[in-house]
Amino acid sequence: MPNSPLSSTQPGQSSLPGATVKYVIETLSTRIVTQEYATEERLPSERQLAQELGVARNTVREALDQLETRGMIRRRAGAGSFVTYNPDGNGAALSPVASETGPLQLQVMRGILEPEMVRLAIVNMSPRQIEALSTVLSRMEGVQADASAFMRLEEEFHRLIAEGTGNPLLVACYNLVLDARRQAFRSAMYRRHMTPARIEIYQRGYNGLFNAIAARDIEEASEFMKLALIEDQRLLLQED
């Protein structure tokens, strides 16, 4: 496959992670979000991760740099890498912009970004990225009543779609959206409304979305994304 113009960098610009680095990022971020690696837990060493994932140590190091930039881990000299991702959020947004974003403003931005995001992801996602999405979906389907766990996995599912676009600017913008989604109002909404029956409905929706992505069906995937936005909007209106 020919290199994308985005893969070349100019002085002063950050490079877009390569496919192998993305694979490591996706694997580790999924483990962190699903709490396979818990908050404050020390990650395996770079050498151990490189052996386990079948990649070079410098690839692991670059992936860890990216995860630290996202605020998911903290690297301590001489001690290793530690998980800083907070699955409960505690209502604290990492970004001042996200913390100032209201529920309806969040929905407006999601309506602008998500339909186009899924379209670009379908065009650009590699089989390995689709496989990573499938792994998160399997974990989502295993949730029965834990609304917080489902919300964390839902966030990771959307993050992987954003990264599947291959557009670093879109990923950066959508990271702000994900940050805003972790605010207290949305966590409280989930605790009130995400019953086991509604979780099951969402699981069916995400299964349909994944199948559309895997089939490279842009129209069907966009429709599932729009239906998810409408459902979230309906829940928000119930909060008024």
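Start with Glu-200 and Arg-204: they sit four residues apart in helix H10, so about one helical turn separates them. Before you click further, note that this is a predicted model, where local features need pLDDT of at least 70, side-chain atom pairs count only at pLDDT 80 or more, and totals for chains, interfaces and linings use all residues. Residues are numbered from 1 along each chain as its sequence is written, and side-chain values use heavy atoms, with hydrogens and water left out. Helices (H or I, at least four residues) and strands (E, at least two) are DSSP runs, numbered from the N terminus.

**Stop 1**

Show the side chains of Glu-200 and Arg-204. They form a salt bridge, with the closest N and O atoms 3.5 Å apart; the term means a side-chain nitrogen of Lys or Arg within 4 Å of a carboxyl oxygen of Asp or Glu. Glu-200 is partly exposed at 44% relative accessible area, while Arg-204 is exposed at 51%. Those words have limits: buried is under 20% relative accessible area, exposed is over 50%, and partly exposed is in between (1.4 Å probe, protein chains only).

Now select Arg-198 and Glu-231, whose side chains also meet in a salt bridge (3.5 Å, N to O). Arg-198 is in helix H10 and Glu-231 in helix H11, so this pair ties together parts 33 residues apart in sequence. Is Arg-198 buried or exposed? At 18% relative accessibility, Arg-198 counts as buried.

**Stop 2: the hairpin**

Jump to strand S1 (residues 73–76) and strand S2 (residues 80–83), which run antiparallel and are joined by four bridges. For strands to count as paired, DSSP has to find at least two bridges between them. Pick Ile-73 and you'll find its bridge partner in S2, Val-83. Three residues lie between the strands of this hairpin, and Gly-78 in the turn has a positive phi of about 80 degrees.

How many salt bridges does the whole structure hold? A search finds 18.

**Stop 3: the cores**

Next, colour Leu-133, Phe-150, Phe-157, Ile-161, Tyr-206, Leu-209 and Ile-213. These have the most contacts inside the largest nonpolar core, which has 39 residues. Such a core is a set of buried Ala, Val, Leu, Ile, Met, Phe, Trp, Tyr and Cys residues joined through side-chain atoms within 4.5 Å. Elements giving two or more residues to this core include helix H6 (127–141), helix H8 (168–181) and helix H11 (218–239). Which helix gives the most? That's H7, with eight residues.

Zoom in on Tyr-206. Among the residues Tyr-206 touches are Leu-137, Met-140, Glu-154 and His-158, not counting residues up to four places away in sequence; touching means heavy atoms within 4.5 Å. Apart from this core lies another, of 20 residues, including Leu-28 and Val-60.

**Last stop: helix H5**

Finish at Ile-112 in helix H5 (residues 103–124). This residue is exposed, with a relative accessible area of 53%.
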